[in-house]
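Student: I am new to this structure. Please show me how to read its main features.

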Amino acid sequence: MCWESWLALCALLLLLVQLLRFVRADGDLSLMWAEWQGRRPEWELTDMVVWVTGASSGIGEELAYQLSKLGVSLVLSARRVDELERVKQKCLENGNLKGKDVLVLPLDLTDINSHEAATKAVLQEFGKIDILVNNGGRSQRSLFMDTSLDVYRELMVLNYLGTVSLTKCVLSHMIERKQGKIFTINSIAGLIAAPLASGYCGSKHALRGFFNSLRIELAAYPGIIISSIYPGPVQSNIVKNALTEDLKPLGNAGDQSFKMATSRCAQLILISMANDLKEVWISDHPFLFLAYLGQYMPTFTGWLSCKLGKRRIENFKSGVDADSSYFTSLKKKHN
């Protein structure tokens, strides 16, 4: 067999391996490679000061638990102090931290005037901020024409402007040190759209544009990492706390069985941190497949989303769990 044939065979085998990896993946291929061959969180994150917003539940809470086992200093922020204290206690019981290593810092992302003082409080306590995890935010379940503009204002102030404001406060410190990492937990909804969440999708798309632009502006600071994480459906209270048409929470989390385990999502986020990945997609199929499809076939993806979205809206109006039914429809199409 001539060398050209060998080369063609090797290329074919490589393609098949990549296809197999994609079919079995729960993250983008760069992330999967980092998990297999990259740097380990326990090597890279030890002794760092990590500030996590939205730390009272969901992804933020699970990140706190996993970080507490790595020997970091933790800052836990959210609005509910009692829940933050609960998370802190569990970190101390199950992690490798002492009381002085965990700071409970109540924070309202919508209170932009408080962000500078909060940043100074962290610096006074630990002297530095190595990693900021922008995880605080809220989702939505309502149709645009039925929804008050107050809901859209709340989502933009909380999910977008609050995150931008806190980032600016912390970034000043990182620029002074010429190092630091800012990881923003976006959503797969920041890549592709879904009905009943136009305000949420809008705020997440805004975050994507902002941080992509900020990363370019900071090219002169190679020691500062700007990363956006895009999880798909993850087991949490995000649906339960989602805003409806009149600023009231939905109050029902619905079926969580089809969603990724929060522990797995947090594990992949830590791998992203350890390897300084700039953009990360974390999701099971079919949502991961849709993210890729949206990049390369946007018109077809838009058509498919409209077909599936129509059913989701009908189920929502009739009181059926819109999220689980939407997932079932997507899975049938994907298979």
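Student: In what order do the strands form the open sheet, and in which sense is the pairing?

Tutor: Two strands pair if DSSP finds at least two bridges between them. Here 7 strands form an open sheet with the order 3-2-1-4-5-6-7, and the pairing is parallel. Strand 3 (102–104) and strand 7 (279–282) are at the edges with a single partner strand each, so one side of each has no neighbour in the sheet. From one strand to the next the twist averages 15 degrees. Such angles run from 0 to 180 degrees between N-to-C directions, with axes as lines fitted to C-alpha atoms, for helices over the stretch in contact.

This is a predicted model: local features need pLDDT of at least 70, side-chain atom pairs count only at pLDDT 80 or more, and totals for chains, interfaces and linings use all residues. Residues are numbered from 1 along each chain as its sequence is written, and side-chain values use heavy atoms, with hydrogens and water left out.

Student: Over how many bridges do strand 6 and strand 7 pair?

Tutor: Strand 6 (residues 224–231) pairs with strand 7 in the parallel sense over 4 bridges. Pro 231 stands opposite Ile 282 in strand 7.

Student: How many helices does the protein have?

Tutor: Helices (H or I, at least four residues) and strands (E, at least two) are DSSP runs, numbered from the N terminus. The protein has 12 helices and 7 strands. Helix 6 (residues 115–126) lies across strand 1 (49–53), strand 2 (73–77) and strand 3, and runs at about 155 degrees to strand 3. Contact means heavy atoms within 4.5 Å.

Student: Which residues are joined by a cis peptide bond?

Tutor: His 285 and Pro 286 are, with omega about 10 degrees. Pro 286 lies in the loop between strand 7 and helix 10.

Student: Which residue other than glycine has a positive phi?

Tutor: Leu 247 has a phi near 70 degrees. Leu 247 is in the loop between strand 6 and helix 9 (262–275).

Student: What is the radius of gyration of the protein?

Tutor: The radius is taken over C-alpha atoms, and the globule rule is 2.2 Å times the number of residues to the power 0.38. For 335 residues a compact globule would have a value near 20 Å; the protein has 21 Å, which agrees.
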